[in-house]
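Q: Could we go through the strands and helices of this structure together? I would like to begin with a term that will be needed along the way.

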Amino acid sequence: MKTVDKMEVLHSQSAEFIEKAEPGKFHKLIPDTFIIKGDKNNGSHNQGYAIRHINRQDIILIDVVEKSTKDAVKKLVSDGYRIKGILITCDEIMKSAYANLKTISEDAGGAAIFAHPRKNFRDDFRTKDITAKENVLKDFGLKVFDLPGNGGASVILYSEINDGMLFTGDDAEGSPYDSDLNTFKRPEMKKKNDDFGLAESWSAFREEFSYLFPRKGKPGFNLEEGQQTDILNALSRSH
């Protein structure tokens, strides 16, 4: 994770930068926040994220469990970073995991793995409750919001860093990279009740954010108040 100058950071806040970025490597988007393109799914790469602590040594990973990201995570460890946790935002993430959680944790230097207590994936590894008020999450300015996922539990992560960052996992999808649009929508849900519950949850969301980072599709950069309102209205609109 090299230091980049301000012009590079400005350039990195674009869909074009992400589209051209090499998969399986961490790329800096904004200060202390990185994206990694993982496995391809339905023609587009899944997206994981990393937040680096102000101490420049501790890192937290979000939805980074795929085979194509494994070497980059191991490199963080060999470069001397301490991975304080791998956060799993929903059950769906584990369908693309390259190994069991014990192996993923070991490859990340013995990092704790945080998941929802109502998780539906089968794994004997003892995960930490992502919805609990853990100190490690507070250290990164993270708040966790519990939302109904696709047939199971899910969370979105909000960080007060960089004037508010929202990591939505699968609970909001960005526009495809080959589209001129930069909008967000709820995913297709298997059950109507889950879709209704997710819409209600988005309707009740009140935190201010300047960045929205989804697992799929284009992120939102430098969002102003009106744009935030439009996004939340779209995410809470009934289908």
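A: Two strands are said to pair if DSSP finds at least two bridges between them. The model discussed here is a predicted one.

Q: With that settled, what is the strand order in the open sheet of 4 strands?
A: The order is β8-β9-β10-β13, and the pairing in this sheet is mixed.

Q: Which strands are at its edges?
A: They are β8, residues 142–148, and β13, residues 211–214. Each of these two pairs on one side only.

Q: And by how much are neighbouring strands turned against each other?
A: On average by 20°, with direction ignored.

Q: Do β10 and β13 run parallel or antiparallel?
A: Strand β10, residues 165–169, pairs with β13 in the parallel sense, over 4 bridges. Within this pair, M165 stands opposite Y211 of β13.

Q: Which helix packs on this sheet, and what does it touch?
A: Helix α6 packs there, in contact with β8, β9 (153–159) and β10. The direction of α6 makes about 145° with that of β8.

Q: Staying with α6, how is it placed against α7?
A: Helix α6 covers residues 192–203 and helix α7 covers residues 225–236; they pack at an angle of about 160°, with their axes 7 Å apart. Angles over 145 degrees count as roughly antiparallel, and α6 and α7 are therefore roughly antiparallel to each other. Their crossing is left-handed.

Q: Which residues make that contact?
A: From α6, A199, W202 and S203 meet L232, L235 and S236 of α7. By class, the contact has 4 nonpolar and 2 polar residues, and no charged ones.

Q: Now the other sheet. How many strands form it, and in what order?
A: It is an open sheet of 7 strands, ordered β1-β2-β3-β4-β5-β6-β7, with mixed pairing. β1 (26–30) and β7 (128–129) stand at the edges with a single partner strand each, so one side of each has no neighbour in the sheet.

Q: What holds paired strands together in general?
A: Strands of a sheet pair through backbone hydrogen bonds, in either the parallel or the antiparallel sense.

Q: Then how do β2 and β3 pair, parallel or antiparallel?
A: Strand β2 (residues 33–41) and strand β3 (residues 44–52) are antiparallel and share 7 bridges. One of the residues involved is N41, whose bridge partner in β3 is S44.

Q: What about β4 and β5: parallel or antiparallel?
A: Strand β4, residues 58–62, and strand β5, residues 82–87, run parallel and are joined by 5 bridges. Between β4 and β5 the chain passes through helix α3 (residues 70–78), and this β-α-β crossover is right-handed. In β5, I86 stands opposite L61.

Q: Which residue of β6 is the bridge partner of I86?
A: That partner is I113. Strand β6 comprises residues 113–115 and pairs with β5 in the parallel sense over 2 bridges.

Q: One last topic: where does A97 lie?
A: A97 is in the loop between β5 and α4 (101–107). Apart from neighbours within four places in sequence, A97 is in contact with V65 and I104.

Q: And how far apart are A97 and E160?
A: They are 63 residues apart in sequence, and 28 Å apart in space from C-alpha to C-alpha.

Definitions and conventions
Residues are numbered from 1 along each chain as its sequence is written. This is a predicted model: local features need pLDDT of at least 70, side-chain atom pairs count only at pLDDT 80 or more; totals for chains, interfaces and linings use all residues. Side-chain values use heavy atoms; hydrogens and water are left out. A crossover is right-handed if, with the strands pointing away from the viewer, the path from the first strand over the helix to the second runs clockwise. Axes are lines fitted to C-alpha atoms, for helices over the stretch in contact, and angles run from 0 to 180 degrees between N-to-C directions. Angles under 35 degrees count as roughly parallel, over 145 as roughly antiparallel, 65 to 115 as roughly perpendicular and the rest as oblique. A crossing is left-handed if the near helix is turned anticlockwise from the far one by less than a right angle, and right-handed if clockwise. Contact means heavy atoms within 4.5 Å. Ala, Val, Leu, Ile, Met, Phe, Trp, Tyr, Cys and Pro count as nonpolar, Asp, Glu, Lys and Arg as charged, and the others, Gly among them, as polar.
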